[in-house]
Amino acid sequence: MDTNRRDMLKLGTSAAIGGLLMPAGSAAAQERQPIIVETMTGKAGFRIANYLPKMGATSRLGLVTNDGLVVDIPAEAARQKLQLSFDPSSMISIAASGNRGLLELATIFKNRGSNLANVNQVILLSPIPKPQSNIYCVGWNYLDHFDEGKKNRVDTVVQEYPKVPVLFTKGTQTMNGPFDSIPYDGSYSTQIDWEAELAVVIGKKGKNISEESAMDYVFGYSAYNDTTARDVQQKRHSGQWFKGKSLDGHGPMGPWVVTAGGVILDDTRIICRVNGVEKQNASYKQMYFKIPAIIAELSRSLTLLPGDIIATGTPSGVGFGRSPQEFLKPGDVMETQITGIGIIRNKIV
């Protein structure tokens with residue numbers, strides 16, 4: 001292992017960012033806090049939300065402006081008499097549409113009308129409520145997180161930091177909305193943990209992708225939380241990850257996807273708060289395996305498809321690694337923030 005690199009990546013894990021998040025509150029739609037529209041770090045991107053204009057309506061995609069207005073993509077395309085190359089109700093479809101779809105979004109955005117809803121007047125859904133395959137995940141991608149779990153892990157075989165990304169998946173039924181509640185079943189698990197992560201959405205089909213070309217396959221980014229049942233993972237399944245990671249609703253994502261041109265990765269931070277108290281805070285720069293390396297390793301002899309989701313790993317500060325350990329309980333509110341992208345908020349019920 002490169003010791004200098006290891007030490008460098010550990011620096012600043014607990015660095016604070018203040019004033020970007022309001023105090024915690026209920027995740028229920030009728031009592032939720034105002035949705036915060038974060039300033040994008042890149043200058044050529046779009047915030048694409050999957051939303052309901054009102055309860056009972058059909059979901060569709062919308063572009064969220066800097067001042068929190070929602071441009072209804074199918075309605076605006078119809079008004080502008082623009083034939084779309086993608087299904088305006090599907091993030092997977094727009095991801096697959098490539099540059100043509102982005103150009104169509106640019107036209108819609110530039111020529112948008114004035115009758116726009118506020119983002120707080122609509123119901124935001126998961127950007128990809130029905131993933132076409134399991135969510136791909138990266139374990140131990142922050143050095144401090146690898147170290148903080150050593151003393152508590154049942155599986156003690158891995159003591160040295162891996163030389164390639166550690167990969168696992170979460171079932172599709174884990175997907176949850178950005179402000180939806182996360183179910184708590186105390187008869188099965190009482191050690192529900194937080195894991196804030198940056199999610200990558202793939203934009204085109206690829207296999208055996210090189211690190212040099214990997215970023216060409218990225219459609220956009222979102223906030224994600226790899227919520228984990230530690231007692232299921234560590235005790236019931238002897239350190240095997242899948243089941244403890246795959247309880248229903250334990251993978252909230254959102255509040256939208258910011259397309260690749262709107263994100264400067266080195267300027268992003270991954271933050272988690274529980275009941276307003278900061279638990280995690282780290283920079284993308286502290287990831288050991290950056291996104292090109294993750295995509296290259298994941299795609300070796302495995303085909304990635306548009307709309308596939310990759311959760312890139314969580315920094316230190318999880319409840320499992322604390323002394324004493326801390327876990328989520330009913331009534332707690334978990335907030336996940338990726339600076340420059342957005343904030344999601346989920347209540348445990």
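Helix α8 (residues 291–298) is largely enclosed by the rest of the structure, because 7 of its 8 residues are buried. Buried here means under 20% relative accessible area, exposed means over 50%, and partly exposed lies in between (1.4 Å probe, protein chains only). Helices (H or I, at least four residues) and strands (E, at least two) are DSSP runs, numbered from the N terminus. The model is a predicted one, in which local features need pLDDT of at least 70 and side-chain atom pairs count only at pLDDT 80 or more, while totals for chains, interfaces and linings use all residues. Residues are numbered from 1 along each chain as its sequence is written, and side-chain values use heavy atoms, with hydrogens and water left out.

The buried residues of α8 are Ile291, Pro292, Ala293, Ile294, Ile295, Ala296 and Leu298. They pack against the strands β6 (135–139), β7 (166–170), β10 (196–202), β11 (218–225) and β16 (309–311), a contact being heavy atoms within 4.5 Å.

Arginine 230 and glutamate 195 meet through their side chains in a salt bridge at 2.5 Å, N to O; the term denotes a side-chain nitrogen of Lys or Arg within 4 Å of a carboxyl oxygen of Asp or Glu. Arginine 230 belongs to helix α6 (residues 230–236) and glutamate 195 to the loop between β9 (192–193) and β10, so the pair ties together parts that are 35 residues apart in sequence. Both arginine 230 and glutamate 195 are buried.

Glutamate 195 also forms a salt bridge with lysine 245, whose closest N and O atoms are 3.0 Å apart. This pair links distant parts of the chain, with lysine 245 in helix α7 (residues 242–245) and glutamate 195 in the loop between β9 and β10, 50 residues apart. Lysine 245 counts as buried because its relative accessibility is 3%, and glutamate 195 counts as buried at 3% as well.

A further salt bridge joins the side chains of arginine 345 and glutamate 335 (3.0 Å, N to O). Here arginine 345 in strand β18 (residues 342–347) is linked to glutamate 335 in strand β17 (residues 333–338), 10 residues apart. Arginine 345 is buried at a relative accessible area of 2%, and glutamate 335 is buried at 1%. Elsewhere, salt bridges with shared partners join Lys170, Asp193, Glu195, Asp226, Arg230 and Lys245 into one network. The whole structure contains 12 salt bridges.

Most residues other than glycine have a negative phi, and most peptide bonds are trans. The peptide bond from glycine 254 to proline 255 is cis, with omega near -5°, and proline 255 lies in strand β13 (residues 251–259). Serine 323 and proline 324 are also joined by a cis peptide bond, with omega about 0°; proline 324 is in the loop between β16 and β17. Tryptophan 140 has a positive phi near 55° in the loop between β6 and α5 (143–148), and it counts as buried at 13% relative accessibility.

As for the chain overall, its secondary structure comes to 8 helices and 18 strands. Buried residues make up 57% of its 349 residues. Of the contacts with a separation of 6 or more, 77% involve residues 24 or more positions apart.
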